[in-house]
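Thanks for coming, everyone. Please have the structure open while I talk.

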Amino acid sequence: MDDLVSAIEAALERKGLSASAASQLAVGNPSMIKNLKNRRTERERSHPVDNLKALADVLDLEFYFGPRREPSVVHEMSGELFSLVPHYSTALLSGDHVLELARAPDEHFAFPNEWFLRGRLKPEQCILFTALSANMAPAISDGDLVMADRKATALRNGKVYAYQTEEDGFCIARLELVPGRVLIARSDNPDTKQFPPKYYSGEEIEFVQAGILGEVIWSGHTWR
């Protein structure tokens with residue numbers, strides 16, 4: 001119930017609407033959201049929304065109320081379900097080596113739905129890139145396929161992210177933020193001469209954080 005109320009409040013703020021105005025537009029009753037938020041006493045029965053969430057858990061269904069999400073494309077092959085994840089290849093790089101995500105991806109790759117379930121991932125929130133450097137070797141080589149979770153853009157120190165800025169273009173690095181001081185983009189490649197850390201300060205930190213495309217969650221290596 002709290003998640004649903006939080007989603008409604010966030011949407012009201014985005015739309016610039018009051019709870020009563022949105023309720024009136026939705027069902028002609030200005031008190032709908034107010035009534036929804038009213039807590040029942042412990043002696044009374046559970047709220048209908050809580051009951052629906054409990055039923056969803058029992059039936060292994062997703063109970064979701066939030067911003068619109070792009071549906072994933074699901075295919076069945078030999079009785080197994082697969083979702084298609086878009087791949088933005090180097091062909092979609094601008095002259096500044098920035099990926100133009102407003103354009104349509106040039107191809108899709110299929111991954112088993114079971115794989116997403118095990119990782120608690122949503123295929124519609126994932127995206128594929130091509131690594132442009134060996135800076136994250138040996139885990140990620142130049143030219144490897146890399147998947148990022150676009151929902152995971154809040155910076156957590158030590159995690160690997162795909163990000164891009166106007167100055168550096170598209171990058172994959174392990175990010176570490178020292179609050180109020182500096183953001184460090186580190187490479188895993190032990191050759192620190194060729195791949196030294198990058199240091200961002202001041203408004204550069206905001207540019208990097210705004211340019212995070214997602215946390216890297218998978219990579220695939222092509223053996224040549």
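**A walk through the model**

Let me start with Arg120, which is exposed, with a relative accessible area of 81%. Exposed means over 50% relative accessible area, buried means under 20%, and partly exposed is in between, using a 1.4 Å probe and protein chains only. Arg120 sits in the loop between α5 (113–118) and β4. Its phi is positive, near 55°, and Arg120 is a residue other than glycine.

A word on the source. This is a predicted model: local features need pLDDT of at least 70, side-chain atom pairs count only at pLDDT 80 or more, and totals for chains, interfaces and linings use all residues. Residues are numbered from 1 along each chain as its sequence is written, and side-chain values use heavy atoms, with hydrogens and water left out.

Now the overall picture. The protein chain has six helices and 10 strands. Those are DSSP runs, numbered from the N terminus: helices are H or I with at least four residues, strands are E with at least two. Of the 224 residues in the protein chain, 33% count as buried. Take the contacts with a separation of 6 or more: residues 24 or more positions apart account for 55% of them. Contact here means heavy atoms within 4.5 Å.

Next, strand β6. How many of the six residues of β6 are buried? Six of the six, so β6 is largely enclosed by the rest of the structure. Val160, Ala162 and Gln164 point one way, and Tyr161, Tyr163 and Thr165 point the other.

Who are the partners? β6 (residues 160–165) pairs with β7 (residues 169–178) in the antiparallel sense, over six bridges. Two strands count as paired if DSSP finds at least two bridges between them. Val160 stands opposite Arg174 in β7. Thr165 stands opposite Gly169 in β7. A hairpin of three residues joins β6 to β7. β6 also pairs with β10, again antiparallel, over three bridges. There, Ala162 has Gly214 as its bridge partner.

Follow β7 onward. β7 pairs with β8 (residues 182–186) in the antiparallel sense over five bridges. Val178 has Val182 in β8 as its bridge partner. The hairpin of β7 and β8 has three residues between the strands, and Gly180 there takes a positive phi near 75°.

On to the cores. A nonpolar core is a set of buried Ala, Val, Leu, Ile, Met, Phe, Trp, Tyr and Cys residues joined through side-chain atoms within 4.5 Å. The largest one has 17 residues, and Leu99, Phe129, Ile140, Phe170 and Ile172 touch the most other members. β4 (126–130), β5 (145–149), β6, β7 and β10 (212–220) each give two or more residues to this core. A second, separate core has 11 residues, including Tyr163, Cys171, Ala173 and Tyr200.

Look at Phe129. Leaving out residues up to four places away in sequence, Phe129 touches residues including His87, Leu101, Ala162, Phe170 and Leu213.

Now the loop between β2 (80–88) and β3 (107–112), which holds Leu92. Is Leu92 buried or exposed? Leu92 is buried, at a relative accessible area of 4%. Leu92 and Ala104 are 12 residues apart in sequence, and their C-alpha atoms are 9.0 Å apart in space. His97 is also in the loop between β2 and β3. At 47% relative accessibility, His97 counts as partly exposed. His97 is not a glycine, yet its phi is positive, about 60°.

One more backbone point. The peptide bond from Ala137 to Pro138 is cis, with omega near 10°. Pro138 is in the loop between β4 and β5.

Last, the cysteines. Cys126 is buried at 4% relative accessibility, and Cys171 is buried at 8%. How many disulfides are there in the whole structure? The search finds zero. A disulfide would be a pair of cysteine sulfur atoms within 2.5 Å.
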